[in-house]
Amino acid sequence: MADKDDKRPDHDDQGKGRARGVEIHDARAPSRRNFLKSVGATSLAAATAPAWARVGYVNHDEQEPQDKRADEGEAPAKGTQRITLNVNGQAHTLDVTPNMVLLDVLRHQLALTGTKKGCDIGQCGACTVHVNGVSINSCLSLAVMHDGDEVTTVEGLGQNGKLHPIQQAFLDHDAYQCGYCTPGQMMSAVAILNDAEVASDDAAVREAMSGNICRCGAYKNILSAIQTARKNV
Amino acid sequence: MTETIIGHRTTRVDGELKLTGKADYTSDHNLPNQAYGYPVPSTIACGKLLELDIDEARQAPGVIEIVHRGNFPQLQPSDNNPACGTAARLYRSPSTMAEQNKVGEVRLPFEDDGIHYEGQYIALVVADTFEHARAAARLVKARYEVHEAVPGLFSTDDEGEEAGDEAVSRGDPAGAYETAPVKLDQTYTIAMETHMAMEMHASIATWEDDRLTIYESTQGVVFQRNALAQIFGIPPEKVTVIAHYIGSGFGSKLFMWPHAVMTAVASRMVGRPVKTVLSRQQNFCNAGNRPASRQHVRMAADRDGKLLSIRHDSQNETSFIDSYTESIGSGTPRAYACDNVSVSQRRVQVNHGTPTSMRAPGEVSGSVALEIAMDELAIELGMDPLELRRKNFAERDPTADLPWSGNHLRECWDDASRRFGWEKRNPEIGSMRDGHEIIGWGMADATWEAMRSHCKARVELRADGKVQVACGTQDIGTGTYTIVAQTAAELTGVPLSRIEVKLGDSMLPAGPLSGGSMATATVLPAVAGATRDVIEQLKQIAIADGAPFAGKEADSLEFKNGELSDGSRSVSFVDILNAVPRGMVEGEASAAPGDEQDKFSFRSFGAHFVEIRWDPGISRLRVSRVVSTIDIGRAINPLTAKNQVEGAIVMGMGMGMFEETEYDPAGNIYNNNYADYVVPVHADIPDIEVELLDNPDYNFNEFGARGVGEIGITGMAAAISNAVYHATGKRIRDMPIKIADLID
Amino acid sequence: MRNFAYQRAGNVTQAYTLHGNDNSADFIAGGTNLIDMVKLDIMRPERLVDVNLLPLTEIEELDDGRLKIGALVTNTDLAYDERVTTRYPVLSEALLAGASTQLRNVATTAGNVMQRTRCPYFRNPSRPCNKREPGSGCGALDGINRNHAVLGGSDKCIAVHPSDMCVGMQALGATITVEGPDGPREIPFEEYHLLPGDTPEREHDLRDGELITHVTLDAPIEGAKSHYLKLRDRMSFEFALASCAAVVALDGDTIREARIALGGIATKPWRSHEAEAALKGKPATEATFQQAAEAALAGAVPHRDAAFKIPLAKQAIVRALSTVTR
């Protein structure tokens, strides 16, 4: 993989590279919740080691993550841009068309199918992931805009084979039924528990969680699980 | 057995998979060389497809094929359709419950050029990536001849067609009504609802020669297998339907919809797997709905509140291509003791997609009218609404003229009303206040028939210490994996951690639909039978020559805690199976309802008590408290069972206050998404306190379980409406209750 | 979703240069509204210019007491900014009443100003809509119009402006700074969004190629209190059926200064000068509030399904005023 900075035109090189876009370093001050930090993704060359090529959850259909082209050192195909996504601590370099959405890239290219599609237009929350620590709807985010970003999905919640406290609480409180909205519920819950701006009372949690619809209606248990996990997060 | 696992709050055995993202729902599968299908829906509600222009789409990047009427296998080979291949001939599924091949829409995709509802498929674009398929689908152009649509039940004068088999009549309801001192004659309506399961409908089809494998988000792998076999004219053994995890269905996934057929055909055409995931918008039009309904209730009582007559005449929407009957009055003849009852049902054709079962189909709609009517009657009589119900308690099933197997409705009333504090209710309208808010208290009964069906199951004991249970039913989120594991653990004494449950595959022993609250009562007896069978098989192995219990009688051996024992010595099944070549032993069983069906009437009962808060200054209505007591016999797993009732209560709030699939005067859908079709969110959730009584119904099955999925939603919308009346004095008979109905 | 080209701009000049006054190009920031509409096929950009690297993420207090908000400040950052929560609480409340946590984390200030209507006829490419396709008709006028405007509509369009944030800003008073090939210019917030009239496709006073760089809030009114009240079917994650941002300063019991803005009922974030006139100099009583509410809705048009929003909006006004003067 070419060093990331190599493919960046200089600061003044505006107007060039329409196909690949113009990438400019920028010295703007960081915002507390600024997840769109496309700059600062420093050398990820080490991540091209074969080890990551097949990581992540690959289901039993044995689909391979579709980032082989980058792996093999070829230039991005026409109409695609090469990005690096750091997902659950693993770097993935892949070529995406501009209309590829983060959710679809996670599910199709990286076989990280724990993140779910429930509406595809930001109305249900099933696709919630963390980008640079902030919860977002991955269905309303272009993959190309996440070059260098740190993405955490449900597959990255637990550590060392141990359930994250929120996962344990969801298990103990039966905070789900069909389980389809559950990854999104948990990703929102973790973000809320880590957010000092969201008060700890039930009403505040309910309000902050309202972007995650559970059609099975397991809301009562979800709330209980979040309030229990609060002590362990 | 050292401990009882059945009846205990057991966390889900599939919980970790669901919580780590590893549970494989249909669209999580990506098969090698898979192509993506993206449907193109009709944009008109009624008319004819005159011309389909696919040229531009065909040229779009990545497009492999466009499936449409011109190249789709025809029901009847047609001279003017030369594109129809000879091998490609399809049949309609007979679509019967008895043959287990019922489908949601009998018409095959592209069967004719008629457009019967908006969203009806006119093409399927198949491309190498999802992005390409979706982009190309936008390029397909259609020209229609537009006919005037019937936009819905409430905008047509059509009385509809009588569904004769729904009619019930006893006594002389008209005569009794005429002479009765207290009467009620009201009409109630319910808007169309959409299931909105979080997981969108999806199919992934792949062919290997003439064998079809299809991953489908379905509540019935066996039904779908049988239906596909009928449609493709191949033996059921050549079709495999897989649904390991289902992002729920609430009925919308019971019976197969056209996208599955379209996807299977597309896969055969392009010679590679095809994955089609319906968009959320498409889920609204093509995969069923709870039809809009209108109910006319005439009810009469004597001055003491004794019911003298109930007439319950209903209409439901159906499509122009299927006859769907919503059995709205089916619970009415059994709900209360009343000698003079009649029920009827009519179907009215409208330009919507075909309706289907949605959680507690029929009865929940009926409960809206009946339970509001009871409240109205109580007001008319000056009686407490609970007291009126007590007065009309049915001591036995008045329709079947059978004793109830277990009717604990009175206990439910007692328990829920006590916990709610019903005796503190001031019956005067608007009398209970808290700051800006007026508090309203209402109640309603809940009820659902207990059903049981046929089922097979297989249990294997293995030398690796595992017990594997297999059944061709599925877990739609109700906890079937867990209760099956509990059952096997209970009967073998093997811990849950060593029980493996395989569901959601039509190659497994045939299991039931996950619907109608019947899976538990249907599946567990088969699992128990297979478990007992495998234990017997194990004993036979253990008493063979050279085996640990050689020479003993099988009957003298006991199996517990995973060990066979003759009283003096115990040997684990692992040791016994290690000595046999296969290293495993399997048992099978079938289970079916028996003659108990002729002796008892099986039905579950419950009661909801609801507190609403109405702020007239800002016209804000919210439910603040729900206390429910439900009798479902034995809850195999109270943790998951209670969760289901709580979830049904939430869906009942949706029915009462939010949910309404709207079609505009042109017959076009208005709110086909999660933002405009309003369902409850976290912030709407009140305090919900559910108690499940524990009265095992051993007449029904050996576990005493009657099922739990539907009952919680019945009565909820009525209880809310009754509470709203108590707070506001406004009697809302049209669901959902909207701000416009209440604003001063 | 159709495909498009994607470009990234590093500064404001680059942004509008890349855009190039080309009406097939759109700017993208958070994308929560734009990607939604591209997926629905109701916007079909051939080129997207990503403006997220522009140095517009700051909130700055100006010497004259105003607050200058960068176009890229997210709704979440703005809602929780201490200068906003203390000096402009109505804006914080409005922001937090909108959308969901996840959407607010991404949606930007300028993006919210540019947010397009939720009218289901607009959002479905197979429906008639004069805003999306001038001359095609309005599906809502004779169709279902519960979510539609009772104020500011025309015989061409009754689509509601959906933003909560803008209602808060409308009440506070603000200036929108835009920049394009002709340099920067300032537009009073109240003049930025346009009434549909005969040209519902023209939604704002932004010239081709221009982009919003800042929204600057007026200095807070001395001694004023404020409140945002949003009414809807469910308790959260739903657009307003009616909402009211009220900013009131009292002298004793007399209303010295009042600002009233309304959401959910109008074709643009609606500032009601009529209501404000009915309040100023009057005693802060329920009767005054009722008069203000009547004045605000005096010109309202009760479309079939939306008629209830007239009394509902009045209730929002009265309750918001009661709350803020309590």
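Colleague: Which residue of chain B forms a salt bridge with A:Lys116, and how far apart are the closest N and O atoms?

Modeller: The partner is B:Asp28, and the closest N and O atoms of the pair are 2.4 Å apart. Keep in mind that this is a predicted model.

Colleague: How many salt bridges are there between chain A and chain B?

Modeller: The count between these two chains is seven. Another salt bridge joins B:Arg12 and A:Asp174, with 2.6 Å between the closest N and O atoms. That pair crosses between chains: B:Arg12 sits in the segment before α1 (15–20) of chain B, while A:Asp174 sits in the loop between α3 and α4 of chain A.

Colleague: And how many over all chains?

Modeller: A search of the whole structure gives 77 salt bridges.

Colleague: Back to A and B. How many residues of each are in contact?

Modeller: On the chain A side there are 54 residues, in contact with 63 residues of chain B. Together the two chains bury about 4,900 Å², and 55% of that is on carbon and sulfur atoms.

Colleague: Why talk about area at all?

Modeller: The accessible area lost when the parts come together is often used to give the size of an interface.

Colleague: Now chain C. How many residues does its contact with chain A take?

Modeller: The contact takes 48 residues from chain C and 51 from chain A. The two chains bury about 4,000 Å² between them, 53% of it on carbon and sulfur atoms.

Colleague: Which element gives the most to the side of chain C that touches chain A?

Modeller: That would be α6(C), with five residues.

Colleague: Switching topic: what is the strand order in the open sheet of five strands in chain C?

Modeller: The order is β4-β5-β8-β6-β7, with antiparallel pairing. At the edges are β4 (59–61) and β7 (183–188) of chain C, each pairing on one side only. Neighbouring strands of this sheet are turned by 20° against each other on average, direction ignored.

Colleague: Does a helix pack on that sheet, or rather, which one?

Modeller: Helix α1 (residues 12–19) of chain C packs on the sheet and touches β6 and β8 (211–217) of chain C. The direction of this helix makes about 135° with that of β8(C).

Colleague: What about the open sheet of three strands?

Modeller: In chain C, its order is β1-β3-β2, and the pairing is parallel. β2(C) and β3 (residues 47–50) of chain C pair over four bridges. Within chain C, C:Ile28 stands opposite C:Asp50 in β3(C).

Note on methods. Residues are numbered from 1 along each chain as its sequence is written. Chains are lettered from A and ligands numbered from 1 in the order in which they are written. This is a predicted model: local features need pLDDT of at least 70, side-chain atom pairs count only at pLDDT 80 or more; totals for chains, interfaces and linings use all residues. Side-chain values use heavy atoms; hydrogens and water are left out. Two strands pair if DSSP finds at least two bridges between them. Helices (H or I, at least four residues) and strands (E, at least two) are DSSP runs, numbered from the N terminus. Axes are lines fitted to C-alpha atoms, for helices over the stretch in contact, and angles run from 0 to 180 degrees between N-to-C directions. Contact means heavy atoms within 4.5 Å. Buried area is the accessible area (1.4 Å probe) that two parts lose on being put together, summed over both. A salt bridge is a side-chain nitrogen of Lys or Arg within 4 Å of a carboxyl oxygen of Asp or Glu.
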